[in-house]
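I opened this notebook page to record what I looked up about charged pairs and nonpolar surface. The entries follow the order in which I looked.

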Amino acid sequence: MKGVWKLLTIFMFTAALLAQYSIAAEQQPAATTPSPAVSTDSGRSYDDFRDWFHNPTDWLSMGADYRFRWVNGWNLDTLNSDATRRNSGWNFLRNRMRWWTKTKINDDMDFNLKLTWEFRSWDGPERKSQQVDFDEIMFDQFNLTVRNLFDAPLTMVAGRQDIFLGEGWLICDANPLDGSRTAFFDALRFTYKPNDNVSLDMIYIENRASQDAYLKPINDRHRQGTEQDERAIIIYLTDKSRSNMNLEGYFIYKNDNPINYNPTDPHDIWPAFRSPAYWSRKAEIYTIGGAMSGKIADSEHWKYRMEGAFQVGRKETLTGCGLKMQDLQAFGTVDRIEYHFNDAKKNKLRGSFEFLSGDDPDTSKNEAFDPLWGEWPRVSEILSYSYNLETMIGEVTNLYRLGLGHSIQLTEKLSMDTDYHMLWADENTVGGTAHSSGLAWSQNSRFRGHLGTMWFKYQFTKQFKGHILLEYFSPGNYYESSSRDAAYFARLNLEYTF
């Protein structure tokens, strides 16, 4: 607990400094004369150089950004301080740099390229390499975009691209195993948009677990981006033609195939970077779902969003006899209601409910909802980490979640978001079992615990922003008494976009 209070003190002190800095900046009178531009060695001003960098020619545009993250945590995936003390403490730095270009071929066609380089330095846990890992440079985007295809309101994006549909509940990140380094899909996407309010996305996805399957990274480390090879078809309809109700409907077919490799091959360095073998599952999943969102009764204060999906198909399930194919029947929903005060501080209250069905161990079917490409910390970093040994990292399922939150714009540049969640499991799927790390699950209760999160977000300038995130999790008796030690997560994030 001493570490938590120390961390909380640092966070509150930093937030107070940011608030004072912002208030002081807002109270200063406007400058009567413009500040002189900072010159570069070439004699150009910084602003002139930036403008040139963004558009060096009529047919080429470029951009770049840099992100620094310091991450500190305790018991993120163990919930057991004593048995795994050497691997309970997390402390590492992340440095991510990206450079992207858009090459204009003609008014309706361009080629997009993005390179991403992130390297990390670890101080904990001990199972991580205790040195700076300069890693590899990834092709984060590599696609051709064609607009007005066939003289119709149809856009095609072919190749490596980011895809984020709805609020990312099911379709967001195709590379969960590298964290937030990349999120790309290797896909062919057609978007038909007859007007500003209606769009239809038709997408074919061909992802590979190996991130060097199509475009070999520079200084290739043979890393995995996802748990298995994946093929998928998505049909996603969005209709915003109604004043108080936006509608979304979708059909998703996803085929997962386990990866194969020879662990005895002396030239194969994959085992050092692969996920555990049981993470890779064979599956054929059909998902049908939709969402509604908008204002309540034409009110300027009340807003809502409801989303739900059914799943059927076949999926490998880890049983006492190993992996076994079972019929899949699952359901999930995520819902939110908000009250906007519409005041100067942008105060907002929200309540949320989420249900993701769990696998009943007493049936011959698999009832666990599959989050598809929603394996990212949508609600909480701790929530994503804590599933590491129960399902796989980021695969949050078997869950009831009740949440209450508040947002406020403390100053012009500083905002704060605070949320509290109560968590339950739908089933005691892994009850009575334990992991070799010491994490154990009970058979007597389904209460996962209490989770609190707090964000401070600060916009220093138009190009420079940062945030501080603090999370605390108090496990419930869904876990055995030996696995109920508190967990916390902290992150300092600074981003500059050139």
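The model I am reading is predicted.

I looked up E427 and found it buried, because its relative accessible area is 16%, which falls under the 20% cut-off. The side chain of E427 meets that of R446 in a salt bridge, with 3.7 Å from N to O. Both residues sit in the loop between β16 (414–424) and β17 (447–459), and although they share that loop they are 19 residues apart, so I note the pair as a link between distant parts of the chain. R446, at 37% relative accessibility, counts as partly exposed.

I then turned to R378, which forms a salt bridge with E354, the closest N and O atoms being 2.6 Å apart. E354 lies in strand β14 (348–356), while R378 lies in the loop between β14 and α4 (381–386), so the bridge ties together parts that are 24 residues apart in sequence.

Which strands hold R314 and D327? I place R314 in β12 (residues 302–319) and D327 in β13 (residues 322–340), so their pairing ties together parts 13 residues apart in sequence. The closest N and O atoms of this salt bridge are 3.0 Å apart. R314 is partly exposed at 36% relative accessibility, and D327 is likewise partly exposed, with a relative accessible area of 36%.

How many salt bridges does a search of the whole structure find? I recorded 34. I also noted a network of salt bridges that links E167, E248, R305, E307, R336 and E338.

Leaving the charges aside, I looked up a nonpolar surface patch of about 480 Å², made by L188, Y192, M202, Y204, I233 and I235. Strands β7 (185–192), β8 (198–207) and β9 (229–239) each supply at least two residues of this patch. I followed up I235, which is found in β9 and is partly exposed, with a relative accessible area of 39%.

Key
Residues numbered from 1 in each chain as written. Predicted model: local features only at pLDDT ≥ 70, side-chain atom pairs only at ≥ 80, totals over all residues. Heavy atoms only, no water. Patch = residues over 30% accessible without salt bridge, like charges linked within 9 Å, V, L, I, M, F, W, Y side chains within 5 Å. Areas by Shrake-Rupley, 256 points an atom, 1.4 Å probe, with all protein chains shown as cover. Salt bridge = Lys/Arg side-chain N within 4 Å of Asp/Glu carboxyl O. Helix = DSSP H or I, 4+ residues; strand = E, 2+ residues; numbered from the N terminus. Buried < 20%, exposed > 50% of the residue type's maximum accessible area, 1.4 Å probe, protein only.
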